[in-house]
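Here is a short briefing to read with the model open beside you. Take a moment to bring the structure up, and then we can walk through a few of its contacts together.

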Amino acid sequence: MAHTFTVSPDFSPRLAPGWFVFNTWLQRTLEMPIHLELFEGFDAQREAIRADKVDLIYANPFDASMLVREKGFRAVAAPADKSDEALVVVAEGNPVQRVLDLLPGCRFASTDDPDVHRMCMILLEPADLHSGNIQMVTCDSYVLVAKELIQGKVDAGFFLEAAFEELSSMVRSQLKPIGRSRIQVVRHVLLIGPSLASKQAELATALAAMAENEKGKGVLESIGLSGWELLDQEDVEFMVDLMETLVERSS
Amino acid sequence: MKDMIPAQIAGEGREVRLRYFNGGERTVIASDLEVPYPEGRLIVSRTDPEGVITHVNDSFCEISGYHRDELIGQPHCILRHPDMPAAAFKDLWTTVLAGGRWHGYVKNLCKDGRFYWVYATVIPNLRNGKVVGFTSVRREASRTKIREAEELYRTMG
């Protein structure tokens, strides 16, 4: 039976074909059948992880805790020179110039992307804004977040910075970032499950060499990466600890 | 830890002799100048189980004014500001040594005597059930919360 590889559902739709190219590269490299399963949302993906239906994952940092500490996944690699950063954005004509100008009661649009949501909520803290005094509207994509803003249905929106940069210049010209994270340490990670543990070293060696040959570079380009940085287990344990400090707790 | 010296201080400073949780003592000099928190940043550090710094990120060095080499190997209380009540740190240590998560508003002391406020979260790092150290992550605090903390800490003496 084929093993299952999955990708954090917050990948850019533009890159979906690229992940199939990467999966083909994976199958050739590891000489085994691997099925790429792309889930529609984080809940469906987490359900599959809990049911042990995932063997290899390019994971959102907020899911790394469950994968590493509950499911025994091991760290393989993270994208080189690429961290997840978030933006708080308003419509271009909005007089608001900075996060501190936003007031309780404001309406925000966001996707279900957990790390972007959390980073943006942290950006709102200096303005005394929190989940209890703002209204959230969840959209299916960043394009829809932009649409809500441009149509004046919400006061501000949360974006993955990379996703904001991918919006068309016409759309971006109607929007204005007012807050920007520079956290630098929150990254997606490629994790391998216990069922593929025997392939970890082989996969790491192949990933490290990808950027050194034309074919590998082409595959990397198709998923929007420039290369991989190999991780040891403590690197990902550190990131899980760090994410744990960012999780919102009522206590 | 070495005593702070007046030549290093930005602005007018007041000298205070601090006694630390680990039994150490030193003279610190605190000025009334605040360093603004850089937007969107997280200040990250890790210590060993005794509170000795083993890792700092660039934001930590930038805001505190210390070089990385001056921080690694030092007790984390190198940042303690004299306006912070000892009871706050006692609560921190009691909580994390019991395996819990501590969070609170903290006024930190820069190398040059200036200060910066943060909202800090500290958790124990557990590996195979053992505490191997602590991770501390600080982020920007709201002015409302800072004012509340200032009032509270004044009453704690």
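Which backbone oxygen does the side chain of A:Arg187 reach? That of A:Pro79, at 3.4 Å. This is a predicted model, in which local features need pLDDT of at least 70, side-chain atom pairs count only at pLDDT 80 or more, and totals for chains, interfaces and linings use all residues. Residues are numbered from 1 along each chain as its sequence is written, chains are lettered from A and ligands numbered from 1 in the order in which they are written, and side-chain values use heavy atoms, with hydrogens and water left out.

**Around A:Arg187**

- A:Arg187 sits in the loop of chain A between strand E9 (175-180) and strand E10 (189-192); helices (H or I, at least four residues) and strands (E, at least two) are DSSP runs, numbered from the N terminus.
- A:Arg187 counts as buried because its relative accessibility is 16%; buried means under 20% relative accessible area, exposed over 50%, and partly exposed in between (1.4 Å probe, protein chains only).
- The side chain of A:Arg187 also makes a polar contact of 3.0 Å with the side chain of A:Glu229. Such a contact is a pair of N or O atoms within 3.5 Å; within protein, one must be able to donate a hydrogen and the other to accept it, and residues adjacent in sequence count only if both atoms are side-chain atoms.
- Leaving aside neighbours within four places in sequence, the residues in contact with A:Arg187 include A:Pro61, A:Lys82, A:Asp84, A:Leu231 and A:Met239, where contact means heavy atoms within 4.5 Å.

**Where chain A meets chain B**

- On the chain A side 24 residues are in contact with 22 residues of chain B.
- The two chains bury about 2,000 Å² between them, 51% of it on carbon and sulfur atoms; buried area is the accessible area (1.4 Å probe) that two parts lose on being put together, summed over both.
- Between chain A and chain B there are 10 residue pairs in polar contact, both residues being at pLDDT 80 or more.
- Helix H4 (114-124), E9 and helix H10 (233-246) of chain A each give two or more residues to the side that touches chain B.
- H10(A) gives the most to that side, with 8 residues.
- By class, the side of chain A that touches chain B has 9 nonpolar, 4 polar and 11 charged residues. Ala, Val, Leu, Ile, Met, Phe, Trp, Tyr, Cys and Pro count as nonpolar, Asp, Glu, Lys and Arg as charged, and the others, Gly among them, as polar.

**Salt bridges between the chains**

- Chain A and chain B share 6 salt bridges, each a side-chain nitrogen of Lys or Arg within 4 Å of a carboxyl oxygen of Asp or Glu.
- One of them pairs A:Glu244 with B:Arg101 (3.9 Å, N to O).
- A:Glu234 and B:Arg127 meet in a salt bridge at 2.9 Å, N to O. This pair joins two chains because A:Glu234 lies in helix H10 of chain A and B:Arg127 in strand E6 (residues 115-127) of chain B.
- A:Glu234 is partly exposed, with a relative accessible area of 32%, whereas B:Arg127 is buried at 13%.

**Salt bridges within a chain, and the network**

- Over all chains the count is 30 salt bridges.
- In chain A, the side chains of A:Lys199 and A:Glu202 meet in a salt bridge (3.8 Å, N to O), and A:Glu202 is partly exposed at 34% relative accessibility.
- In chain B, the salt bridge of B:Asp112 and B:Arg114 spans 2.9 Å, N to O; B:Asp112 is buried at 18% relative accessibility, while B:Arg114 is partly exposed at 28%.
- Salt bridges that share partners link A:Arg69, A:Glu234, A:Glu237, A:Asp241, B:Arg46 and B:Arg127 into one network.
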